[in-house]
Amino acid sequence: MAVEDIGSGCSSSGDQEFHVLAVDDSIIDRKVIERLLKISCCKVTAVDSGSRALQYLGIDGERSSLEFDELKVNLIITDYSMPGMTGYELLKKIKGSTKLRQIPVVIMSSENILARIDRCLEEGAEDFLMKPVQLSDVERLRDFMLRGGEEERELGRKRKTPDDSCDCRPLRKRPTPLATACSSTFRALEEPVIVHES
Amino acid sequence: MEIVGQLQKQFVDFSTSLYGEGFLDEQYLQLQKLQDESNPDFVCEVVSLFFDDSEKLLNNLATALQQQVVDFKQVDAHVHQFKGSSSSIGAQRVKNMCVAFRNFCEEKNLDGCLRCLQQLNHEYFLVKNKLETLFRLERQIVEAGGTVPVIVA
């Protein structure tokens, strides 16, 4: 078969599909993340800004609660650097909303700035992915969300120890150079790690 | 050697040289993995978006650097975007040029920025040309009834 085995293929799990809201101002990155998520059997809605994401989520109060339940978003994955509202600002708005704060948020960034990563994780981001995002990142994320994420949310926020079958990089911890290297050996060395963001 | 075989060899040799000379990196290989029978033109579509976006950015950069008072933050924002998109498709030399460019933006070094823009234009059109050649070879192979060889890292 021409296609490499990237997983067991999308089987209909009967109930709703895993719905991801992807937020990125770059049309190229939106196309790629959308494809990564679809291959990983997720339903995807891609928007180009934080404000559009909030509109979609109904945070501005325009959407009725019935509509909101039908559109149920299971995960939000957002770029950090966006004009207008940054991914961090979007994260804060989501975590500050009683309606939306349960939705896990993952931040993507091309810049390996420790202070930025810490700030996002402290604000409640589920994970912080380095761009360009790989298929293995998305698959790991999806597996974590489907398997452990729900458990985690029910029990409240506590550190989750990595499963044996998971990638060695634990989620909700600041990615260490070793952990980053596990997901992609060449990416960790690409740019120097910046400790303090100016 | 029959036509398909010749074309396939050309394709493999050309691809190998693109990776070897640093025009493309691992990320381009990652994009190939996202292409399949259900999305047979995925890579070409992404790269076309990149071409459109890049040419807009290059124009914006030229305009921004021609202003009486150059807004280096704005210039940096454009370069940052270009760095992101080139990184997303694996255009390594373009990406590296953007990294150097950002340093000059930070220093508010206009001459440095202008030189970088020139080099960035050069690198971009080079890789554009290479990718168009690659896509052309792929089309020729398929039209001749063959399959495009899969390049692995």
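Author: What follows is a set of questions about labels and the values behind them. This is a predicted model, in which local features need pLDDT of at least 70 and side-chain atom pairs count only at pLDDT 80 or more, while totals for chains, interfaces and linings use all residues. Residues are numbered from 1 along each chain as its sequence is written, chains are lettered from A and ligands numbered from 1 in the order in which they are written, and side-chain values use heavy atoms, with hydrogens and water left out.

Reader: Why is A:Asp29 called buried?

Author: Buried means under 20% relative accessible area, exposed over 50% and partly exposed in between, with a 1.4 Å probe and protein chains only. A:Asp29 has a relative accessible area of 8%, and therefore counts as buried.

Reader: What makes the approach of A:Asp29 to B:Ser88 a polar contact?

Author: The term requires a pair of N or O atoms within 3.5 Å; within protein, one must be able to donate a hydrogen and the other to accept it, and residues adjacent in sequence count only if both atoms are side-chain atoms. The two side chains make such a contact at 2.3 Å.

Reader: Why is the pair of B:Phe51 and B:Tyr124 called edge-to-face?

Author: Rings of Phe, Tyr and Trp (its six-membered ring) pair if their centres lie within 6.5 Å, and planes under 30 degrees apart count as stacked, over 60 as edge-to-face and the rest as tilted. The centres of B:Phe51 and B:Tyr124 are 6.3 Å apart and their planes stand at 80°, so the pair is edge-to-face. B:Phe51 belongs to helix α3 and B:Tyr124 to helix α6 of chain B, 73 residues apart, where helices (H or I, at least four residues) and strands (E, at least two) are DSSP runs numbered from the N terminus.

Reader: How do you know that B:Phe51 and B:Tyr124 are buried?

Author: B:Phe51 has 9% relative accessibility and therefore counts as buried, and B:Tyr124, at 0%, is also buried.

Reader: What makes B:Arg93 a charge over the ring of B:Phe23?

Author: A charge sits over a ring if NZ of Lys or CZ of Arg is within 6 Å of the ring centre and within 35 degrees of the ring normal. The charged end of B:Arg93 sits over the ring of B:Phe23 at 4.0 Å from its centre, and A:Arg119 lies over the face of A:Tyr88, 5.3 Å from the ring centre.
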